[in-house]
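Student: I have a model open and would like to learn how to read it. Could we go through it one feature at a time?

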4 protein chains.
Amino acid sequence: MHKIAVGILGASGYAGRELCGLVSRHPGMELAFAAANGQRGQRARFGAREITFVAPDDVQLDAAEMVFSALPHGASAEWVGAARTSGAKVIDLSSDFRPGNNAAAAPYGLTEIMRDAIAGAELIANPGCYPTAVLIGLAPLLARGLVRPGATINVNAASGVTGAGFAPKQELMFAEVAEDFRAYAPGNAHRHLAEMNALVRELGGDNDILFTPHLLPVARGILATITVPVTESIAEPGALWRQFYAGEPFIEVTDELPSLRDVVHRNVVRLSVHAAANVRQPTLVVIAAIDNLLKGAAGQAVQNANLLLGLDERVGLPS
Amino acid sequence: MHKIAVGILGASGYAGRELCGLVSRHPGMELAFAAANGQRGQRARFGAREITFVAPDDVQLDAAEMVFSALPHGASAEWVGAARTSGAKVIDLSSDFRPGNNAAAAPYGLTEIMRDAIAGAELIANPGCYPTAVLIGLAPLLARGLVRPGATINVNAASGVTGAGFAPKQELMFAEVAEDFRAYAPGNAHRHLAEMNALVRELGGDNDILFTPHLLPVARGILATITVPVTESIAEPGALWRQFYAGEPFIEVTDELPSLRDVVHRNVVRLSVHAAANVRQPTLVVIAAIDNLLKGAAGQAVQNANLLLGLDERVGLPS
Amino acid sequence: MHKIAVGILGASGYAGRELCGLVSRHPGMELAFAAANGQRGQRARFGAREITFVAPDDVQLDAAEMVFSALPHGASAEWVGAARTSGAKVIDLSSDFRPGNNAAAAPYGLTEIMRDAIAGAELIANPGCYPTAVLIGLAPLLARGLVRPGATINVNAASGVTGAGFAPKQELMFAEVAEDFRAYAPGNAHRHLAEMNALVRELGGDNDILFTPHLLPVARGILATITVPVTESIAEPGALWRQFYAGEPFIEVTDELPSLRDVVHRNVVRLSVHAAANVRQPTLVVIAAIDNLLKGAAGQAVQNANLLLGLDERVGLPS
Amino acid sequence: MHKIAVGILGASGYAGRELCGLVSRHPGMELAFAAANGQRGQRARFGAREITFVAPDDVQLDAAEMVFSALPHGASAEWVGAARTSGAKVIDLSSDFRPGNNAAAAPYGLTEIMRDAIAGAELIANPGCYPTAVLIGLAPLLARGLVRPGATINVNAASGVTGAGFAPKQELMFAEVAEDFRAYAPGNAHRHLAEMNALVRELGGDNDILFTPHLLPVARGILATITVPVTESIAEPGALWRQFYAGEPFIEVTDELPSLRDVVHRNVVRLSVHAAANVRQPTLVVIAAIDNLLKGAAGQAVQNANLLLGLDERVGLPS
């Protein structure tokens, strides 16, 4: 089997490292380069394989047929352009080409929802971690037109610290995070808001999201608790999600409540749906859990790459 | 100074133990007995003082002028009745006499809001941990009539594991809780809902709460994230809370976001308020943090006892 | 390929569950039954496969060609006997047939050291978790006769809480273990001592171990810090271990210090060796890390089963 | 009561912050300045009091009668000299004046052991965190001449991450430390070794320490497990420690095993002693726990300051 030569830009952050591991173990890919400016020359081990990070300037972009960019927002677009010019297909994990952030957005890599647009693309904007959990949770309602028009969709979400990046910061030190919990970016100040709102509209919703993220004392995982006013009472709400996602290998609709332990180190969205009692307007509560570094970043990126390369979507991904 | 003889029922759970520690160190109280059925005869250390738990049946209730009951819901009412009959004033930490749970509710011990009713009472229903955080957060809006009539108030809250009780349970073992996060009682199934809704109405609101609690991998603390549709835009929302709680020793209105580390081992509610951008209807986000065992249970109980005994409310409480 | 029918006794504890997962994914095995008395009828998920625990009394022992017993110490021997009588080969994870605990010990399944005895056996006593880390660390010195005769070998080790069992216990609740660390069984009172001392002698050492275990606030993993007086200064001590374990797929001798993160969810012993400065007698410090549930229990059990069945030792094991 | 004017140098690290809190609440002290080069101008809250860190160059050293230096090793000596010149008494928390590190060591502030030398001094070298736990554990044996001459004393110790400093470092991030455990500075490479060995000799021992420190996934606390070959069997070893430390308010000799939860946020050493069974030479195991920031740093510093100022040693210290 021909192995696709894959390059990784921004390889030393948490998402980049996860990509290095996935690509190293992927039976249809081989690693052409793993570039990381700050950690150039340093080695990292991924299972049996050891990788040495190279300087971005030393990279031969045209050695790669497929490039993943896990560069920071703002810095990614230029490198993505260069990789496209050199002929590579690109999955960009930054927000630079995502809807809501960019006039010229690329196809949005929310795989289960956007599969047709992804399959034929050469550049994919891989979704943010929070938007992945939230939009997979909302899509069945939006597709059926069941969200109450004009209503605010309330999203509370909590993320493990790997979502806040690899670089050392005072507030992410163990002694600061352990035994703590806090909100951040309150009042709709998080940069993922525009991305989520843009997609809600693209999926047919006339709704605003009110999003409050929180920082959890765990390494990995996101849990999103989504409250959605609906147009009518839905007796057995899980059935709608089960039907919508029937046959999807990476979506798990469950009766029991999803938790981080159920999803870490797996490329899945696991969710449950609950009708709210004791409120005047029919309202659903959707609870969705993902591994922020897999389905929320590197895993979904490889899923998109598989799709775009004509491979089985599941290849090389832990479910 | 005459020391009040204090008895504690249900002394061996987490709230009961916190009470034992607070009463032992309280300059105006002395411990008459600490009863605990399951742990009778066992000792526990609280700072310099060691306490031996006695069997409830061996307790002389009339040896106590003040009784705290931290017995389980359902089991507390009978013991509270006996303590009242023997002449003691009672603070009941169970839900047995709280509004929303009982036809004949006792005065509700949300100290800062209900001070006048508490001062003259002989039996106080001490608030639940979640309701304390939520209602202190909402009271200024309700008092001013600023909550949009009929609107749902969305409450997402997360609690440390001491909120789930002292008895060993599989799902509370370290190996199950560490690195995890999950919701429970979704769809408004938590038993604190009725208590919160009853108080919202008592404080003048025509609103339902939609409440989703979560279990955090921390020992102590609750963070409540409360989304409130309001009748008008409020330019500087924190000012309303600062004015409402001016002079309160146990309420902290802050600009920075409250976190569990700011409140554990302290008898305070710490909160911040934020206007939501990018939503059509004016909406506020209130974030409130407490120590579930202090302001959420034993600390507020002692605060109420101080008030009811004519002492300075702050005596014996860590702020 | 013929799949070996495998039965698991004591399947619902932490080691038993790990065995269920390994056997379910093992390409040469299929699960005949997973018996668990206390959890009979309950289901557990292992990756894609769901297993229902059956009552031991409902098990057809002769349906299994290979039986793993993860029953408690004392309770295992009788079931092991029954499984042997029914014709199955048995790997016993309890201490019932280990040296130091039993007049009639079975071959000891410390795979890398005892491979010849294991290959032809029908019943293997799988080593304890602590002994695995300690003995793999000591074996090269003992084999070369380099441990100072008569000297005490000091072993300090720390284990995650899954080493203390699955059953709920007060002292293993999250709120008790988090942010704590403590020793237990001090003064050589741990039941693994006899097993370690017996093997030290079997490997030629005239030495006693002084063993102090500790409980860590982590779910999985053991780190053993072993101080060994040696007969002579050893300039580059790691070379001895590298040579002794050359070609072993599950032993990693490293220059950097091993840590729990390097070994959890992997069936390896990872170790480093250091000559002690500033002491009068030549002394080495060996530091060895394992996953207590894999190389310390279920992983080594499958490794032994592979060996005993004539399969590649590595099949079905995460390295 | 005259309040002593106290200055703190290096106030923004973990030990410095702990000092700020202790001095702020100390009834006999008032804070003259809290200097911190890197965080100049930043504020920190200690209970009810808020402190603004000033630049060291803006400090009037002679405004302080007592100076605590929590500056880094190497940087402290010069500032200590300047404070002494300006007339202040000084407690230096760095290693710059400790025995084993410096030709001209100052009196060593291991309070319970060195009380006479401390009381009359003007400069005290406050002990390191590990040496405090280890030497308080060993002192009774050394004083009675019971340590086997020439024998190695094996010390394994584990510390929470605040022992590794306040500055952000990759290896101290939450996502790196949680669920991990590792040794560091193996083979007697830790800088506290010389300090411990110097004191062992000063206390009459002809012994070398073999010291292996470890990093724990907790914020605070040190547990030291000390193995000591002794000259004779000691039937009830705890009695020796109880007698030696009789009346000491900050030393707790217990029958149960000490743990970090017993000592954090308290200025105590808590220890137990155990005779080792099944070894040929009589050997004791001493297990000692401290809060590394209190008895291991700032608490002992205030204890020494109290002594040196003629105050009750216990004033302002949480026991």
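Student: What share of the contacts in chain A with a separation of 6 or more comes from residues 24 or more positions apart?

Tutor: This is a predicted model. In chain A, residues 24 or more positions apart account for 69% of the contacts with a separation of 6 or more.

Student: How many helices and strands does chain A have?

Tutor: Chain A has nine helices and 14 strands. Its radius of gyration is 19 Å, close to the 20 Å that the globule rule gives for 319 residues, so chain A is as compact as a globular protein of that length. Along the principal axes, the C-alpha atoms of chain A fill a box of roughly 60 × 45 × 35 Å. Of the 319 residues in chain A, 61% are buried.

Student: Into which domains is chain A divided?

Tutor: Domain 1 covers 4–127 + 296–308, and domain 2 covers 129–292. The C-alpha centres of these two domains of chain A lie 25 Å apart.

Student: How many residues of domain 1 of chain A are in contact with domain 2 of chain A?

Tutor: On the domain 1 side there are 18, in contact with 26 residues of domain 2. Helix 3 (111–119) and helix 9 (294–308) of chain A each supply at least two residues of the domain 1 side. Helix 9 gives the most, with five residues. By class, this side of domain 1 has seven nonpolar, nine polar and two charged residues.

Student: Now the second chain. How are two copies of a chain compared?

Tutor: Two copies of a chain are related by a rotation about an axis and a shift along it.

Student: How many residues of chain B are in contact with chain A, and which element supplies the largest share?

Tutor: The size of an interface is often given as the accessible area lost when the parts come together. Here we count residues instead: 42 of chain B are in contact with 42 of chain A. Several elements of chain B each supply at least two residues of its side, including strand 10 (208–215), strand 11 (222–229) and helix 8 (260–263). The largest share, four residues, comes from strand 8 of chain B.

Student: Which classes of residue make up that side of chain B?

Tutor: The side of chain B that touches chain A has 21 nonpolar, 15 polar and six charged residues.

Key:
Residues are numbered from 1 along each chain as its sequence is written. Chains are lettered from A and ligands numbered from 1 in the order in which they are written. This is a predicted model: local features need pLDDT of at least 70, side-chain atom pairs count only at pLDDT 80 or more; totals for chains, interfaces and linings use all residues. Two residues are in contact if their C-beta atoms, placed from the backbone, lie within 7 Å. Ala, Val, Leu, Ile, Met, Phe, Trp, Tyr, Cys and Pro count as nonpolar, Asp, Glu, Lys and Arg as charged, and the others, Gly among them, as polar. The radius of gyration is taken over C-alpha atoms; the globule rule is 2.2 Å times the number of residues to the power 0.38. A residue is buried if 20 or more other C-beta atoms lie within 10 Å of its own, exposed if 12 or fewer, and partly exposed in between; C-beta atoms are placed from the backbone. Domain bounds come from an automatic or database domain assignment.
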